[in-house]
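Here are my notes on the model, point by point. Please read them with the structure open.

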Amino acid sequence: MYECFLLIASIVIGNTAQADGITISAKDCWFVPNAGIAKFFTPNSGQRQLLEKIDFELAELPEATEQQAITPTPAETKLLTAALATELTGEPQTLFPPETPKLYLRWQGETLTPGDKIRCVWIAEDVGDAAPANYQVNEASTKASETREFGTFTLSRPRKGWPTGKYRAEIYVGDRLVETIKFTIQKP
C-alpha cells in the first residue's frame, strides 16, 4: 500500500501571518529519492508578503521505533534530599535569626533500603568564641522502614540563644554522607 503523507512542518520564509491570503502556484516539483516529492512555491505576481514556501510529501510514513527506557546515571540518583526551615511545613531557608526557637530538617528518601539508618549531625562550623571550629552540637538518628521514606530532625535553640555564625547539618545513610545543608545564624 503506497500512501503519501504531508510532512508536518512546512518551511515558510517571509510574513506567515499574511501568507495564508496569498494564492500560490506550483513552479517546480521534483522527486527526492527515499523521501518523496518536494514542491517549490512562489507568490503570484504583485504579491510580496510571501517570499518562498517549500512543502514536502513523504513517500511513506517513517517507522516508529520503540524508545529505550532512560535510566538515570548514578550522579542523577540521590538517595536522600533534605531542607531546613523554622516550621515543620515552612519554606526552606538557610538564614535564621538568633531568636529562632527551633530548626526543622525535613528529609525524604526515594531509594532507601528498609532498615537503613538515617543520621543527622548538627555542626557549628564557625561561631567565634562560643565553641571551637566544627563543634558537633547534636546528633540524632532513625531507621527507614520503606524504600520511600521521610522524616524530620529538629534542633532547639540553646538556653542562651543561638550563637551567630556558620553551621551545617550532615545527613548520613548508614556511614555514607548523602546531603549537607549549610546555614547561618545572623542578626537581621
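1. By class, the lining of the largest pocket counts 11 nonpolar residues, 1 polar residue and no charged ones. Ala, Val, Leu, Ile, Met, Phe, Trp, Tyr, Cys and Pro are taken as nonpolar, Asp, Glu, Lys and Arg as charged, and the others, Gly among them, as polar. The model is predicted: local features need pLDDT of at least 70, side-chain atom pairs count only at pLDDT 80 or more, and totals for chains, interfaces and linings use all residues. Residues are numbered from 1 along each chain as its sequence is written, and side-chain values use heavy atoms, with hydrogens and water left out.

2. The lining includes Ala124, Val127, Tyr135, Leu155, Ser156, Trp162 and Tyr167. At least two lining residues come from each of β10 (135–143) and β11 (149–156). The volume of this pocket is about 190 Å³. A pocket here is an open set of points on a 1 Å grid over the protein atoms alone, where a 1.4 Å probe fits, with protein on both sides within 12 Å along at least five of seven lines; lining residues have an atom within 4 Å of a point. Grid points are joined across faces, edges and corners, and the volume is the space filled by probe spheres set on the points.

3. Three strands form an open sheet in the order β6-β8-β11, with antiparallel pairing. Its edge strands, β6 (80–85) and β11, each pair on one side only. From one strand to the next, the twist averages 20° (axes are lines fitted to C-alpha atoms; angles run from 0 to 180 degrees between N-to-C directions). Pairing requires at least two DSSP bridges between two strands.

4. β6 and β8 (residues 102–109) are joined by 6 bridges in the antiparallel sense. Leucine 80 has glycine 109 of β8 as its bridge partner.

5. Is lysine 143 buried or exposed? Lysine 143 is exposed, at 59% relative accessible area (exposed is over 50%, buried under 20%, partly exposed in between; 1.4 Å probe, protein chains only). Lysine 143 belongs to β10. Leaving aside residues up to four places away in sequence, lysine 143 touches Gly115, Asp116, Lys117 and Ile118 (contact: heavy atoms within 4.5 Å). Its C-alpha atom lies 5.8 Å from that of isoleucine 118, 25 residues apart along the chain.

6. Overall, the chain has 1 helix and 13 strands (DSSP runs numbered from the N terminus: helices H or I, at least four residues; strands E, at least two). Of its 188 residues, 30% count as buried.
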